[in-house]
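Where does one start with a structure seen for the first time? Here is one way to read it, a piece at a time.

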Amino acid sequence: MAHEEYINEIPGSDTVVLCIHGILGTPDQFTSLLTQIPQEWSVYNILLDGHGKEVRDFSHTSMSRWKGQVQRTLNYLSVRYSKIIIIAHSMGTLFALQAAAGKNPRIKALFLIDTPLVPFLRPVCIGNSLQIIWDCIPAGNTIAHAQKDAFSIHPDKRLWLYLGWIPRYIELFREIAMTRKCINKVKIPCRVFLSQRDELVSLRSYHYLKENPRIKTSMLEGATHFYFSEENQARMQRCLASLCRKIKTMPLKK
């Protein structure tokens, strides 16, 4: 996969879609969803700092850089567009929820996948990660292949290099705790999909999301954090298309 950001600004458009991937993730994760975006809307599918590179590059980035990058992008888009829709996966959903809980009136809706309000690491994820690092994924392990496609960091067999990732995950846990506190401040339409077999996110995340009646949460049967069946993808596409239709009919405030 390319693991490159995709930006398509449509002259005269009043609406933009901002896509924010998760930790270790890639803008490529949103390819199937972007087929549902109206052609007259702009798209900013960004690549977070330190992603799409080597293991050491990821060690040398930080949560503050990612948050700053997202905020600068939102500031830029808020000046140029009347409506902003955020599509996000995993860690990116934390940034989206925090932004929506703020005072930016341009943000009109959120479309979130696998929001990690309660993290939980399952052993299968560790096993699949080792198979990715050592390039020994069995042909039938579709979950591991999906995980490999979703990782934008080039694997390195020197396992000690991954110790530099520990601070990034400590920062992630802090960000999760911060996001839990602002769930009830989200006042715009928000659709969340959780994966039934998620190997990184506990389904207990649902209990935090249900506290806010504006957040509608659905379950994707058989899905994992990185693997979504064709039926799962089609379901999310239909939901996003419906959300886009509602945003298109939303009157612009002068």
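Predicted model: local features only at pLDDT ≥ 70, side-chain atom pairs only at ≥ 80, totals over all residues.

Begin with strand E5, residues 107–113, which is mostly covered: seven of its seven residues are buried. On one side of the pairing, strand E4 (residues 83–89) runs parallel to E5 and is joined to it by six bridges. Within this pair, Ile86 stands opposite Leu110 of E5. To get from E4 to E5 the chain passes through helix H3, residues 91–101, and this β-α-β crossover is right-handed.

E5 also pairs with strand E6 (residues 190–195), again in the parallel sense, over four bridges. Here Leu112 stands opposite Val192 in E6.

Next comes helix H2, which covers residues 63–80. Its 18 residues, at 1.5 Å a residue, should span 26 Å, and the C-alpha atoms at its ends are 26 Å apart, so the two values agree. Several residues of H2 are buried, among them Trp66, Val70, Thr73, Leu74 and Leu77. An α-helix has 3.6 residues a turn, so residues three or four places apart point the same way.

The last stop is Thr224, in the loop between strand E7 (215–220) and helix H8 (230–248). Is Thr224 buried or exposed? Its relative accessible area is 3%, and buried means under 20%, so Thr224 is buried. A polar atom of the Thr224 side chain lies 2.9 Å from the backbone nitrogen of Tyr227. Beyond its neighbours within four places in sequence, Thr224 is in contact with Asp114, Ile143, Ser195, Arg197, Asp198 and Glu199.

Notes:
Residues numbered from 1 in each chain as written. Heavy atoms only, no water. Buried < 20%, exposed > 50% of the residue type's maximum accessible area, 1.4 Å probe, protein only. Helix = DSSP H or I, 4+ residues; strand = E, 2+ residues; numbered from the N terminus. Pairing = 2+ DSSP bridges. Right-handed = clockwise from strand over helix to strand, strands pointing away. Expected span 1.5 Å × (residues − 1). Polar contact = N/O pair within 3.5 Å; in protein donor to acceptor, adjacent residues only side chain to side chain. Contact = heavy atoms within 4.5 Å.
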